[in-house]
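Visitor: Could you show me how to read a pocket in a model like this one?

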Amino acid sequence: MSDTENTNEETSGHCSTPDSDGEVATEIAVIAPEHADDTADNIQTTLASAYDRIDLIEYHTDAFADHWGVYDCFIGVLPSDTVTQQTAPLLDDKWDDPAVVVIDSNLTWAIPITGGHHGANQVADDLTALGAVPAMTTASEAAGKQGVETRAKALNSHVINGKSTVATNLAVLDETLDPVSRIDDPTAVIADQSVTVLNRNGNDGIVLGTGSVSGADTSQFLTAWERALSTVECTWDDVDFIATGTRKETEPGLLAAANDVNVGVISFCKETLFEFEGPTPSRSKELIGWPGIAEASAIAGGRNHELLVEKLKYDEAVTVAVGQ
C-alpha cells in the first residue's frame with residue numbers, strides 16, 4: 001500500500017453535504033500497518049460511494065502528524081492506545097480538529113475517539129456495513145437519544161453555531177429540548193448561546209406530510225411513503241424530513257419507520273396547520289377540530305409552502321402528501 005493511494009473522486013452520499021458543525025466532511029484517511037492492508041482496502045471499497053475521497057496511508061510514527069489538517073476524518077486500523085498517543089498532542093480545538101475513528105484489523109469494533117458529533121460517529125456507523133459494532137461514547141448516543149447534530153443530519157440540515165450544542169444536547173439528555181422549530185426567511189432573530197441554529201442543505205428537497213390512524217404500524221408508514229415517492233419520481237435522498245401534527249408526533253409506528261429510513265420528523269401545532277390548510281376536505285376538522293394533517297404539514301414544512309401531491313391514503317391507515 002503506497003502512501004496516500006487515492007480513491008474515489010465522485011461526490012455522493014450523506015457526506016457530500018455540510019457536516020453538522022457547518023463544515024464539509026468528505027475526505028478520509030485510512031491509516032494502517034502493512035499487515036492490515038486487506039482491511040484498509042476493504043474499508044476503502046465499502047465507503048467509496050459515500051465520501052469524496054478516501055486515501056490509504058501506510059502507518060508510521062508520524063503518519064497522523066504528517067497529514068493532520070488535510071483530512072476531515074482519520075480511520076486508524078490500529079490499537080486505540082497507539083492512535084490516542086499519536087493524535088493527542090495534535091488536538092487543538094474540538095470544533096476544528098478532524099474526527100478520529102479506531103477499528104481493529106478484524107473489523108470487530110469501530111470506536112470514535114475524537115469528533116464524535118463532527119463525523120466520527122457517522123463514519124463508525126458506516127463501518128457497520130463491514131460487520132463492525134460502533135462504540136458510541138458521546139453522551140446523547142450512549143443514552144440512546146438523538147443529539148442535535150444527529151437530528152440535523154436526519155433533517156437534511158447542518159448546525160451553524162456548533163458551540164451551542166453543549167447546552168442543547170444537555171437538554172436532549174434531560175428530555176427538555178422542545179421540537180425543532182421552523183422560521184421562514186427573511187427575518188431577524190435574537191437568540192442566546194444555548195439556541196442551536198440549523199440551516200437546510202441544498203435548495204430543492206421535498207417533505208412528506210403524514211397523518212395516520214392511531215396504532216398504524218411501521219410497514220404501513222413505509223409503504224405509504226414509498227408510494228408517495230414513486231408518484232413524484234423521487235428517492236429518500238430527495239426527502240428533507242417527515243412532517244406531521246403534534247397530536248401524532250409520538251406515534252410509535254411513524255417514529256420507527258422514520259428511524260428505519262434515517263429521516264427526521266418535524267411536528268407542527270394545530271394553529272400552524274390551519275394556516276397552511278390543504279385543499280382536500282378532511283373529516284378530522286369536523287370531528288376533532290384539526291385540519292387534514294398530511295396536506296397541511298406538507299405545505300407548512302415545504303421550503304416554498306407548495307403542495308406537489310395531494311394526500312394519498314394507504315390501507316385506510318396512513319395518509320401522505322408531498323410538499324416542497
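Guide: Gladly! On a 1 Å grid over the protein atoms alone, a pocket is an open set of points with protein on both sides within 12 Å along at least five of seven lines, and its lining residues have an atom within 4 Å of a point. Volume means the space filled by probe spheres set on the points. Here the second largest pocket has a volume of about 1,000 Å³. The model is predicted, and totals for linings use all residues. Residues are numbered from 1 along each chain.

Visitor: Which residues are the closest to the centre of the second largest pocket?

Guide: Of the 30 lining residues, V180, S181, R182, I183 and L198 are the closest. Two elements, α6 (148-154) and β8 (198-200), each give two or more residues; helices (H or I, at least four residues) and strands (E, at least two) are DSSP runs. The largest share, 3 residues, belongs to β8.

Visitor: Why does the second largest pocket lie between domain 2 and domain 3?

Guide: Because domain 2 (144-200) and domain 3 (206-323) both give residues to its lining. The domain bounds come from an automatic or database assignment.

Definitions and conventions
Predicted model: local features only at pLDDT ≥ 70, side-chain atom pairs only at ≥ 80, totals over all residues. Heavy atoms only, no water. 1 Å grid on protein atoms, 1.4 Å probe; cavity = no way out; pocket = protein on both sides within 12 Å on 5 of 7 lines; lining within 4 Å.
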